[in-house]
Amino acid sequence: LTSTQAWQKPLEQADFTLTVPFAMHLDSLSYDADSLLFGKGEVLYKWNFADFMPDRNFFVSFSSIQIKK
């Protein structure tokens, strides 16, 4: 994403989605999501940017959740 700095021009429109099963825990995101949608067994994270000149790349850190039976 930071290649926009070299272009010296923002992305006119950038839309990202990330689908995460309930068995995973997001430890951190480089950008806060604009919205969350909860579906059957998963969470959908959505980002929408206009004239986006990112100052950092998109990073996701996650871990699995241990479910005790």
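Strand 3 and strand 4 (residues 42-52) pair in the antiparallel sense over five bridges; two strands count as paired if DSSP finds at least two bridges between them. This is a predicted model, in which local features need pLDDT of at least 70, side-chain atom pairs count only at pLDDT 80 or more, and totals for chains, interfaces and linings use all residues. Residues are numbered from 1 along each chain as its sequence is written, and side-chain values use heavy atoms, with hydrogens and water left out. Helices (H or I, at least four residues) and strands (E, at least two) are DSSP runs, numbered from the N terminus.

- Three strands form an open sheet in the order 1-4-3, with antiparallel pairing.
- Strand 1 (11-21) and strand 3 stand at the edges with a single partner strand each, so one side of each has no neighbour in the sheet.
- From one strand to the next, the twist averages 20°; axes are lines fitted to C-alpha atoms, for helices over the stretch in contact, and angles run from 0 to 180 degrees between N-to-C directions.
- Leucine 37 has leucine 44 in strand 4 as its bridge partner.

- Leucine 36 is placed in strand 3 (residues 35-39).
- Leucine 36 counts as partly exposed because its relative accessibility is 43%; buried means under 20% relative accessible area, exposed over 50%, and partly exposed in between (1.4 Å probe, protein chains only).
- Together with Phe22 and Phe38, Leu36 makes a nonpolar surface patch of about 340 Å².
- Patches are made of residues with over 30% relative accessible area and no salt bridge, with like charges joined within 9 Å and nonpolar side chains (Val, Leu, Ile, Met, Phe, Trp, Tyr) within 5 Å.
- A salt bridge is a side-chain nitrogen of Lys or Arg within 4 Å of a carboxyl oxygen of Asp or Glu.

- Threonine 4, in helix 1 (residues 3-7), is buried, with a relative accessible area of 1%.
- Not counting residues up to four places away in sequence, threonine 4 touches Lys9, Leu11, Phe52, Met53 and Pro54; contact means heavy atoms within 4.5 Å.
- Phenylalanine 62, in strand 5 (residues 60-64), counts as exposed at 52% relative accessibility.

**Positive phi angles**

- Most residues other than glycine have a negative phi.
- Glutamine 8, which is not a glycine, has a positive phi of about 60°; glutamine 8 lies in the loop between helix 1 and strand 1.
- Aspartate 51, in strand 4, is not a glycine either and has a positive phi of about 50°.

Notes: Accessible areas come from the Shrake-Rupley method with a 1.4 Å probe; for residues, only the protein chains shown count as cover.
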